[in-house]
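Let's take a walk through this structure, one part at a time. Have a look at the whole thing before reading on.

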Protein chains: 2
Amino acid sequence: MPVIGVIGGGQLARMMIGPAVELGIDLRVFAETVESSARDRATAVGDFRDVDAVLAFARGVDIITFDHEHVPSDVLEALLAAGVAVRPGPSALAAAQDKLHMREVLADLGLPLPVWARADSADDVTRFLAENGGRVVAKTPRGGYDGKGVVVITDASQITEWLAAGPVLLEELVDYARELAQLVARRPSGDIATWPVVQTIQSGGVCAEVILPAPKASQRLMDAAADIGRTIADGLGVTGVLAVELFETTDERILVNELAMRPHNSGHVTIEGSVTGQFEQHLRAIADMPLGSTESRQPWAAMVNVFGAMDTDRYGHLNDQSGVKIHNYGKEPRAGRKVGHVTTVGTELDDVVYRARAAATIFAPAN
Amino acid sequence: MPVIGVIGGGQLARMMIGPAVELGIDLRVFAETVESSARDRATAVGDFRDVDAVLAFARGVDIITFDHEHVPSDVLEALLAAGVAVRPGPSALAAAQDKLHMREVLADLGLPLPVWARADSADDVTRFLAENGGRVVAKTPRGGYDGKGVVVITDASQITEWLAAGPVLLEELVDYARELAQLVARRPSGDIATWPVVQTIQSGGVCAEVILPAPKASQRLMDAAADIGRTIADGLGVTGVLAVELFETTDERILVNELAMRPHNSGHVTIEGSVTGQFEQHLRAIADMPLGSTESRQPWAAMVNVFGAMDTDRYGHLNDQSGVKIHNYGKEPRAGRKVGHVTTVGTELDDVVYRARAAATIFAPAN
């Protein structure tokens, strides 16, 4: 029975617990605090940048994986040196940790990208603005998350502080029709499984809803998205689940937006929507088990995030919603915090989406 | 967030872990040993007949439930006296703990039963044998499990030891066409949900396979089984999941065989086969949450038990079986021991059953 250690105790680690139990995998979590979402399986609490603490956690662990991409490379290298399998590996993680590096790697793979450039100075920014309509996106290469570290600018002066700290990634402001995400899993032996591409609906830079599969997606679009997913998974030698965030442009092209080298919010919908959910698949992939089927269980599935608080006292309001699946991350309430999600599946798109929204609304504050 | 304590650390407690995590329920287990199947959530290890040990475990727990029906009534009463909710309650459990009492209670509810009698002496046995074809079933009222404590007899001398220990339940040898099981959930407020009746296939007195729904079941049969389930759940005031084992006779009647006052092997198939699996439903029911939908996700689902050993090294043989769902109970191998199960779902009955059997076979010893 493999022992898998997860660095990070957020909801991604938490949602691995159920599948790990059923697969007979001993799952252990290196959590940030005793209150972390995945606290039930925490065998260590500490700072993931502390090499000694992580090495101590990894003793007796066969495979290390991640709840987030922020583990520094010296910690990853120390784990490898100690003989622990690290999945995904450091080079794949590096592409997710640094957005400039990500753009370089994706460009090398020949993938369709927004126009982008590295800016080291205000002059670089001014030039890129002039070439791209005077309004572009600036991103800090590291540390961005859920809309943080991303800003739309019209002048270099808006990112003076970022430039002082290091290079900045600039991207054209893509005229996109909608956002999609392609989930992929790859095991060390090379086998790859792709789920049907999903549509993601953001609100304030944060994922709010996901629909599986993306409505009105042509076979050509589905194939193109899956191909992009496979190319990245193979090209970077990813092990585990990878999420590729995509733009679909108004002229029906798809461009790669960002990567997440782990299970991702856009894949929560697969827990009930697919024969194999992303958390089970991630465990299968990193344990080098045969990958599970990614077929959909029903024609449509919709996931809606719950923000702020997900009070169990409000479950009673789900009386007329017996098909809604609840996922409560066990987090302390805080305004705007992702604290859970709900999922519905069914044969009618509108019905599935509206039922999920109605269920999520139950947890929203009344005033 | 309710805190639920499970007495008993077997696979039933283990399979509550995943749903508890997703519902945001703090699940704690009172396990028999540190090696128990549900050891991951064990907060106490001890003897469930030890009142003080169980009371110590229950401190801080809102609701106590069970992995088995063997907890003595003095322990249950002590829990109630300490202000802990016990679900199902002592009177419902009593009907599952003592098969003679069960027969009395079911007879009082007017349910269709095999011909039965209480035998206190060899004369009672001889008389019952004479009245029922000379071949009957004898059962010890307590402690029977998976075929233990059950024997077919043709002479009173075969159960002399049992009679010396106390009364014995005698039942006609039912000429049944097949065995069925009706799963039901009831919450304290009285709401009841029934799943479609399943067919169970036994081997050596132990459940080997389950098919959801029971093939070739007429609407009349489905309704009759669901009615029996509802009558028992209401009549005994059950809270949580209840399994009613049924005989379907060659002349298309159904008779109540036995009760399990908890999630049951016949209900494992609902994890993937139904929108709401029995373990999630049990937690919803005892937490007095709205019950989840018991609709099937696909026309057919089949579960096949794995006995002896479920070595994770053999998962690789599932390469061509990407739709099979694995449930590994994390138990030490032992000949004949239930150590896991596999489930398949789909649109064609034969395909679903054969795929599940093929997957289970992967774990069987090669010689």
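In chain A, 16 residues of domain 1 are in contact with 15 residues of domain 3; two residues count as in contact if their C-beta atoms, placed from the backbone, lie within 7 Å. On the domain 1 side, helix H1 (11-23) and strand S4 (63-66) of chain A each give two or more residues. H1(A) provides the largest share, eight residues. Helices (H or I, at least four residues) and strands (E, at least two) are DSSP runs, numbered from the N terminus.

Sorted by type, that side of domain 1 of chain A has ten nonpolar, three polar and three charged residues. Here Ala, Val, Leu, Ile, Met, Phe, Trp, Tyr, Cys and Pro count as nonpolar, Asp, Glu, Lys and Arg as charged, and the others, Gly among them, as polar.

## About the model

This is a predicted model, where local features need pLDDT of at least 70 and side-chain atom pairs count only at pLDDT 80 or more, while totals for chains, interfaces and linings use all residues. Residues are numbered from 1 along each chain as its sequence is written, with chains lettered from A and ligands numbered from 1 in the order in which they are written.

Chain A is assigned domain 1 (3-86), domain 2 (115-172) and domain 3 (176-361), with bounds from an automatic or database domain assignment. The C-alpha centres of domains 1 and 3 of chain A are 23 Å apart.

## A parallel sheet

Now find the open sheet of five strands in chain A, ordered S3-S2-S1-S4-S5 with parallel pairing; strands pair if DSSP finds at least two bridges between them. Strand S3 (42-45) and strand S5 (85-86) of chain A are at the edges with a single partner strand each, so one side of each has no neighbour in the sheet.

Further in, strand S1 (residues 3-7) and strand S2 (residues 26-31) of chain A are joined by five bridges. Ile4(A), for instance, has Leu27(A) as its bridge partner in S2(A).

## Two chains meet

How many residues of chain A are in contact with chain B? There are 29, and they are in contact with 29 residues of chain B. H1 and strand S17 (325-328) of chain A each supply at least two residues of the chain A side, and H1(A) gives the largest share, six residues. That side of chain A divides into 13 nonpolar, twelve polar and four charged residues.

The copies meet through the same surface, because 100% of the interface residues of chain A are also interface residues in chain B.
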